[in-house]
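Subject: Structure handover

Hello,

Here is the structure I promised to pass on. My notes on it follow below.

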Amino acid sequence: MPATTMDQLVALCKRRGFIFQNADIYGGMQGVYDYGPLGVELKNNVKAAWWRAMIYERDDIEGLDAAILTNRKVLHYSGHEDTFSDPMTDCRKCKGRFRADHIKDGKCPNCGSTDLTEPRPFNLMFKTTVGPVDNAENIAYLRPETAQAIFTQFKNVVDSTSRKLPFGIAQIGKSFRNEITPRNFIFRVREFEQAELEYFVEPGDDEKWHEYWKEERVRWWEEQGLPREHMNIYTTPKDDLAHYAKACYDIEYQFPHGMEELEGIANRTDYDLGNHTKAQEEFGLSAKVHANSESTQKLAILNDEKKKWEVPFVIEPSMGVDRAVLALLTEAYTEEDLGEGNSRIVLKLKKHLAPIKVAVIPLKKNNEQIMNKCHEIKQNLLKLGIGRVALENTGNIGKAYRRHDEVGTPLCITVDFETIEQQPETVTIRDRDTMAQERVKIADLPNYLREYFLQK
Ligand code: ATP
């Protein structure tokens, strides 16, 4: 089990600019966080790794980037208006409101009172109105999952790409849930990002593909640096399944606060496309759907062999990007004892996830010749397309190494007097994990770094 505590992560994230409380200067907003200069890089790298695995490395998945504002009818027919809720209990004494499943021994988690109301459903969707008139007809929602737009755009994607089953549509974007008790830093928040794949398969093949995606996703997490032994596959009991699911696996990770869900992999059957399709009665749907959808399109696909139109089944791996960031930080955070009273914090992120790939550090502050060489090296490294290359000018090499260890920069390149005084020009490259240093010719840097960053 990783020994990292939430306090260590929260402190590092603030100190080094990964994650800040939203509206901090006004006392903050509960369950809402902002990603700082390094957090945005890390999050972008996580999303890029997911996108690459889903879209670029495969030939059966297309991408989508749909709107957050969601037509009320979509969330009505998807079942979210009626059922996307948590049972809530109010404490009559302290007036606190809690999720019923978070109440232990019938006592208020805040004040300990047993004077609690019966649980009542509380819808988690953020409601808003679109346009200047604030009436029921103009109600819209901020999407509670990215998936619905994938279903409503199903026909447009199929028509524009000529896809046949099995194939997927993947999307990364913000989702919003009015969580009753946001907590554990960025683990449970009200505004978060999801990376979701809806993988459409032949009815009857769904269980096979559900197993396939469970394995595939565990493999992906391992590639990002989470060891198998820190994860757990939880099979959701039938009674706890979401309103749309026939079966669901949760990939759980050993977070600092416990083994909890990182990603859900649900078998959503033909429930969603079935709900959003016109002429539902033509398809012999397996899921129990709303009758008479107002949809104007048939969300079905032609089975060439059977010469029949079918509503596909859907397997959905759905990852929380914020939970991914938290898991990866938990795993990477390391405190090392260097002996003689010295220690260091190292963020042992995989290199493709590191916010800064290379730091170029001058041995001496404000030395024009050394600084010019640093600028030149940085410009040349940028051409490699490896990601962010940071230029330092602090003049304290030890401090710069410590800072880059803490934010996970895999390599530091130091430019010293030898670099500018001797031919051929050389620099020192220092490795984050081993702290080993080697002298490399500037002319060899592009090949050296290309090879280094190509290795996983
Ligand atoms: P939980 O049981 O933890 O509330 P969920 O089962 O409702 O999660 P899903 O609807 O399956 O979650 O959403 C898919 C993924 O989106 C989750 O595995 C999680 O990583 C992420 N996610 C869901 N709700 C939140 C939230 N409030 N804050 C951060 N991430 C979230």
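How many residue pairs are in polar contact across the interface of domain 1 and domain 2? The rule finds two, both at pLDDT 80 or more; a polar contact here is a pair of N or O atoms within 3.5 Å, where within protein one must be able to donate a hydrogen and the other to accept it, and residues adjacent in sequence count only if both atoms are side-chain atoms.

Before the rest, a word on the source. This is a predicted model, in which local features need pLDDT of at least 70 and side-chain atom pairs count only at pLDDT 80 or more, while totals for chains, interfaces and linings use all residues. Residues are numbered from 1 along each chain as its sequence is written, and side-chain values use heavy atoms, with hydrogens and water left out.

Eight residues from domain 1 and six residues from domain 2 make the contact, which means heavy atoms within 4.5 Å.

Between them, domain 1 and domain 2 bury about 590 Å², and 51% of that is on carbon and sulfur atoms. Buried area is the accessible area (1.4 Å probe) that two parts lose on being put together, summed over both. Of the area that domain 1 buries against domain 2, 64% is supplied by Arg16, Leu38 and Glu41, more than by any other three residues.

The rule also finds two salt bridges across this interface, a salt bridge being a side-chain nitrogen of Lys or Arg within 4 Å of a carboxyl oxygen of Asp or Glu. On the side of domain 1 that touches domain 2, the elements giving two or more residues are helix H1 (6–15) and helix H2 (37–56). H2 gives the most, with four residues. Helices (H or I, at least four residues) and strands (E, at least two) are DSSP runs, numbered from the N terminus.

**The ligand**

There are 14 residues around the ligand, and Glu179, Arg188, Val189, Glu261 and Leu262 come nearest; to be counted, a residue needs a heavy atom within 4 Å. Backbone atoms take part too. A polar backbone atom of Leu262 is 2.9 Å from an oxygen atom of the ligand, and one of Gly320 is 3.0 Å from an oxygen atom of the ligand. For Phe187, a polar backbone atom is 3.3 Å from a nitrogen atom of the ligand.

**Salt bridges**

Searching the whole structure gives 42 salt bridges. In one of them, the side chains of Asp90 and Arg120 meet at 2.6 Å, N to O. Asp90 lies in strand S5 (residues 85–90) and Arg120 in strand S7 (residues 120–123), so this pair ties together parts that are 30 residues apart in sequence. Another salt bridge joins Glu406 and Arg15, with the closest N and O atoms 2.8 Å apart.

**Backbone details**

Most residues other than glycine have a negative phi, and most peptide bonds are trans. Leu165 and Pro166 are joined by a cis peptide bond, with omega about -5°, and Pro166 lies in the loop between helix H6 (154–161) and strand S10 (167–176). A cis peptide bond also joins Gln423 and Pro424, with omega about -10°. Thr269, found in strand S14 (residues 258–269), has a positive phi, near 50°.

Best wishes
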